[in-house]
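My entries follow in the order I made them.

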Amino acid sequence: MSINPNQKNLTSLSKAAVKTLGSKPMVWYAVATGKDYIFGIDKKITDPSKFKKVDKIQKYLEKLKVDTKGIDSKAPAASGLLVKNGDAIQIAVVCKANGGGKSTLKAVLKDATGKKLVPNAEIVKSIGAQTDEQKQEDALDVAAEKELQESKVALNKETKTAVKYFLWWKQGAKATYLAATKSPNLTHEDGLLKINSRLRKFAEQKLYKLFESNLFTKNGPLAKYKEQDFDLTKANLKEYLGNIKTALAEIEKLQDSDRLDEEASADAAEELASIVDDLDTIAELMGLDPKELASFKECANKNKPVWKVLWSDFASNPTALIDLKNGLANGTWEDFFTIAKQFEGK
């Protein structure tokens, strides 16, 4: 497994973001590509939901000129926040897709590249003020544990998850599912994605079998959960997941692809513009020969107004600056900036 294979420019941008990381949270995102992962940290975007779906991650990466070959729209993905905490970095999952989540983050942080990008990483439950959704999750956790303790049932992850998901389903998720699959629209997308993830987990982990065990029989300690109309059965789960897939496909057709493309372009441009003064990172993106680094930095710093114009024009294609320098000048940064200064009138 490796992180960002053949995507060194993304690693460079992420490294540049971490340089400035402090008490203000930044956004990270990750998507599996087979056995490997693409992992990025963004300095300018502040909302992890920008990367809540794989196609949104892919579109954004394409605007950054990152190789997205191998990304599958059904691949596990996740995004979240990270923040500096002393010498460590706290990192939390906020959005999940296609079964990705904490496991995705753990895999990324095990890799050498991930460890370098996020040194002394500490995975935490949340960063900043809790959202209403996080509060509801905590309440469900507490309720599930309480039920098991009061029923004198051994507290283990499998049983707790089964009871928690059952409570979640009865307390609103089922109603959301019914409304969203009956008449799908864009407002239903987030809810359906979460329901899809949980019902898929319920099915794949065969949690429905627990409701067929002695714990849930008529005289069992959790009998009250095995209602007559209990519907989280293997057959029903298959039907529900099929209906959700159909609804999400219909919602996808309603997406304004032009608007999403414009949004991705604007976000990528802002991220690239933010590193205009980080000449070491820009040198990496250009693929600059280390022997030329000192000269490039000296010339860029001496001619900042010209450099800012050049970067605004070539940020999305930094390697073209090398070609232009070699084509217009005598292969030196001094001559290149002299010509650029005359051309830009600065």
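Entry 1. I started with the crossing: helix 12 passes helix 13 in a right-handed sense. The model is a predicted one.

Entry 2. I looked up the geometry of this pair. The axes of helix 12 (residues 304–314) and helix 13 (residues 319–328) come within 9 Å and cross at roughly 120 degrees. An angle from 65 to 115 degrees would count as roughly perpendicular and one over 145 as roughly antiparallel; helix 12 and helix 13 are therefore oblique to each other.

Entry 3. I then listed the residues at the contact. From helix 12, W307, W311 and F314 meet A320, L321 and L324 of helix 13. By class I count six nonpolar residues in this contact, no polar ones and no charged ones.

Entry 4. I checked the cores next. The largest nonpolar core has 49 residues, and F296, W307, W311, W333 and F337 have the most contacts inside it. Helix 10 (residues 279–286) gives the largest share of this core, five residues. A second, separate core holds 34 residues, including L167, Y177, F211 and L237.

Entry 5. I went back to W311. Leaving aside residues up to four places away in sequence, W311 touches L272, A273, I275, V276, I282, L285, P318 and L321.

Entry 6. Last, I noted the overall figures. The protein has 14 helices and five strands, and 45% of its 346 residues count as buried. The C-alpha atoms fill a box of roughly 90 × 45 × 35 Å along the principal axes. Of the contacts with a separation of 6 or more, 67% are between residues 24 or more positions apart.

Conventions:
Residues are numbered from 1 along each chain as its sequence is written. This is a predicted model: local features need pLDDT of at least 70, side-chain atom pairs count only at pLDDT 80 or more; totals for chains, interfaces and linings use all residues. Side-chain values use heavy atoms; hydrogens and water are left out. Axes are lines fitted to C-alpha atoms, for helices over the stretch in contact, and angles run from 0 to 180 degrees between N-to-C directions. Helices (H or I, at least four residues) and strands (E, at least two) are DSSP runs, numbered from the N terminus. Angles under 35 degrees count as roughly parallel, over 145 as roughly antiparallel, 65 to 115 as roughly perpendicular and the rest as oblique. A crossing is left-handed if the near helix is turned anticlockwise from the far one by less than a right angle, and right-handed if clockwise. Contact means heavy atoms within 4.5 Å. Ala, Val, Leu, Ile, Met, Phe, Trp, Tyr, Cys and Pro count as nonpolar, Asp, Glu, Lys and Arg as charged, and the others, Gly among them, as polar. A nonpolar core is a set of buried Ala, Val, Leu, Ile, Met, Phe, Trp, Tyr and Cys residues joined through side-chain atoms within 4.5 Å. Buried means under 20% relative accessible area, exposed over 50%, partly exposed in between (1.4 Å probe, protein chains only).
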